[in-house]
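I opened the notebook to look up how charged side chains pair in this model. The entries keep to what can be computed from the atoms.

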Amino acid sequence: MPQSFDTAKHDRFLRLVAEHQAALHNFIRSMLPNREEASEVLQDVMVVLWQKFDSAEDFKKWAFGVARLETLKFLQSRARDRHVFDDELANRLADDMVSMEQRHFSQREALGGCLQKLGDAQRELTLEAYTKGVRMNELAARHGKTPMAIYKLLHRVRQTLLDCVRRQIAREETA
């Protein structure tokens, strides 16, 4: 008797894959010198993830482990090619990428918290200034300021955010 399709499981899987696919691709790309090969391995990883998926418990860690193994398997299949990284280098690159990903996640989380600590006007101006397609002279005109005044204000806000993020990261590292 064929197994019935579990729509809820499928939906959970798709949401988790959508959330982590770019990071997985970057991770695989850190271990492979060729973008096309990284995309090929990512497809293999997605197949394995779907075949073995049973819950959402620590999906990211599990998915990165599968990506590492699939990438190493790919490298071994290409071992005769002199342009392929050896396993030791590939593992070092993967470890570095995991570390960088964790550091970037911590920084993004800290930045989000620090943005919330800004006053409403500063936060809105900052978010508006970094919206794609926004021109500084138009932003200045909307706020009744000169472009130079906006640049100076944004510089002070960026410095405040940088200091806040650094303090937050330092607190997390000592905790």
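The entries below go through the salt bridges one by one.

I am working with a predicted model, in which local features need pLDDT of at least 70 and side-chain atom pairs count only at pLDDT 80 or more, while totals for chains, interfaces and linings use all residues. I number residues from 1 along each chain as its sequence is written, and I take side-chain values from heavy atoms, with hydrogens and water left out.

Search. I searched the whole structure for salt bridges (a side-chain nitrogen of Lys or Arg within 4 Å of a carboxyl oxygen of Asp or Glu), and the search returned 3.

Entry one. I found K73 and E70 joined by a salt bridge at 3.4 Å, N to O. Both residues belong to helix α3 (residues 59-77), where they sit 3 residues apart, about one turn of the helix; helices here are DSSP runs of H or I with at least four residues, numbered from the N terminus. I looked up E70 and noted it as buried, at 12% relative accessibility, where buried means under 20% relative accessible area, exposed over 50% and partly exposed in between, with a 1.4 Å probe and protein chains only.

Entry two. I found a salt bridge between D120 and R123 at 2.5 Å, N to O. The two are 3 residues apart in helix α5 (residues 120-129), about one helical turn, and R123 is buried at 15%.

I found E128 paired with R142, with the closest N and O atoms 2.8 Å apart. This pair links distant parts of the chain, since E128 lies in helix α5 and R142 in helix α6 (residues 136-143), 14 residues apart. I noted E128 as partly exposed at 22% relative accessibility, and R142 as partly exposed at 48%.
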